[in-house]
Amino acid sequence: MNTKQFNNRILKHADRIYRLAKSILCDEHAALDAVQDLNLKLWEKRSELDKIENITGFVLRSMRNLCLDKLRRKHIENELQDDLEYSESDPYSKLEKKDMATQATTLINRLPELQRTVIRMRDVEGFELNEIAEITLLTENAVRVNLSRARQKIREQLLEN
Amino acid sequence: MKKTEKINRLLDLYFAGETTITQENELKKYFASNDIDAEHKVYRQLFETFETEKSEKYPKNPPEIKTSSIRKKIFVLPVISTAIAASILLMTGIFQTDGSYVIINGNRINDSELALQIAQAKIDKISASLESSMKHVKSMNKIDKSLQPLQKVEYIKTKIQHTFEKIKH
């Protein structure tokens, strides 16, 4: 893949992967960092990218994996910090404050990672269930179940308030 | 079928995860309009949120951040070593700039942000290797300093010889 192809096929997804990273990490700066990390990694492996058929799915799947790795590392760091009796504010509440989030955004951000990823991929990005299944490495049925659970939780909470 | 009933049916399907993209677009269109039934207003914010989030863009000029893969600190002579690294890159032709694009390893990269990231990574690599080379130089300096008393031996020896000769005469 040459530079032009890289620009046209990879960098064009910057908005989508940024939104995905922000949804998973619940942190704007961490999301910006993740986008740069991923672009750099993909650029270094650009010669192998030609073999990939569904490049959109591949890029989004890579972004999700990278973010989940970051969350795992963060979790380990937080555990170590807890041992040192140091506590950092909850990332969800940080995001809520920063974005002056709407009630709906708050409800989505409080869903488990998989459910909020699935609901945003469908309702924000407009992906079909089979496309979400490919990105999340789930079956189409599992995507449907997660989507339904996510939407039902939000409905219940909207009606409660 | 009345409009309200139709929307109720679509909403039930939506929350059960059984709507098609077309049906979801119909709901989005309904909630974007000004003609929303009172009983549906509770859901309006949800659909508005989706539209707002969809318009969120990756910034054209993202703030300067420390990318974890290139988060390498230069401890010795940060400014000088970076300048040396950049000079080496320019001299060796690894990194050439020409207006709106950058050539790295023979590839023309039009995306300035990505090019800068790659260039920064290369500069960091060279700086790191310079840093390790500097350590050797520092060690050499230390050895040189510790050898200084030995170098004086020859001088003292000559002085003694001179003094002996003066005494003889």
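## How chains A and B meet

In this complex, 30 residues of chain B are in contact with 34 residues of chain A. Keep in mind as you explore that this is a predicted model. For the complex, the predictor reports an ipTM of 0.81 and a pTM of 0.63.

**The side of chain B that touches chain A**

- Four elements of chain B each supply at least two residues to this side: helix 1 (3–15), helix 3 (41–54), strand 3 (107–109) and helix 5 (112–168).
- Helix 3 of chain B gives the most, with eight residues.
- Sorted by class, this side of chain B has 15 nonpolar, nine polar and six charged residues.

**The largest nonpolar core**

- In soluble globular proteins, nonpolar side chains tend to be buried together.
- Here, the largest nonpolar core holds 49 residues.
- The members that touch the most others are Ile17(A), Ala21(A), Leu25(A), Ala31(A), Ala34(A), Val35(A) and Met63(A).
- Helix 3 of chain A (residues 28–44) brings the largest share of this core, eight residues.

**How confident is the predictor about chain B?**

- The average pLDDT of chain B is 74, and 54% of the residues score at least 70.
- Residues 69–79 of chain B have a pLDDT below 50, and this stretch has 16 contacts in the model beyond near neighbours in sequence.
- Where pLDDT is low, the predicted coordinates should not be read in detail.

Conventions
Residues are numbered from 1 along each chain as its sequence is written. Chains are lettered from A and ligands numbered from 1 in the order in which they are written. This is a predicted model: local features need pLDDT of at least 70, side-chain atom pairs count only at pLDDT 80 or more; totals for chains, interfaces and linings use all residues. pLDDT is the predictor's confidence in each residue, from 0 to 100. Two residues are in contact if their C-beta atoms, placed from the backbone, lie within 7 Å. Ala, Val, Leu, Ile, Met, Phe, Trp, Tyr, Cys and Pro count as nonpolar, Asp, Glu, Lys and Arg as charged, and the others, Gly among them, as polar. A nonpolar core is a set of buried Ala, Val, Leu, Ile, Met, Phe, Trp, Tyr and Cys residues joined through C-beta atoms within 7 Å. A residue is buried if 20 or more other C-beta atoms lie within 10 Å of its own, exposed if 12 or fewer, and partly exposed in between; C-beta atoms are placed from the backbone.
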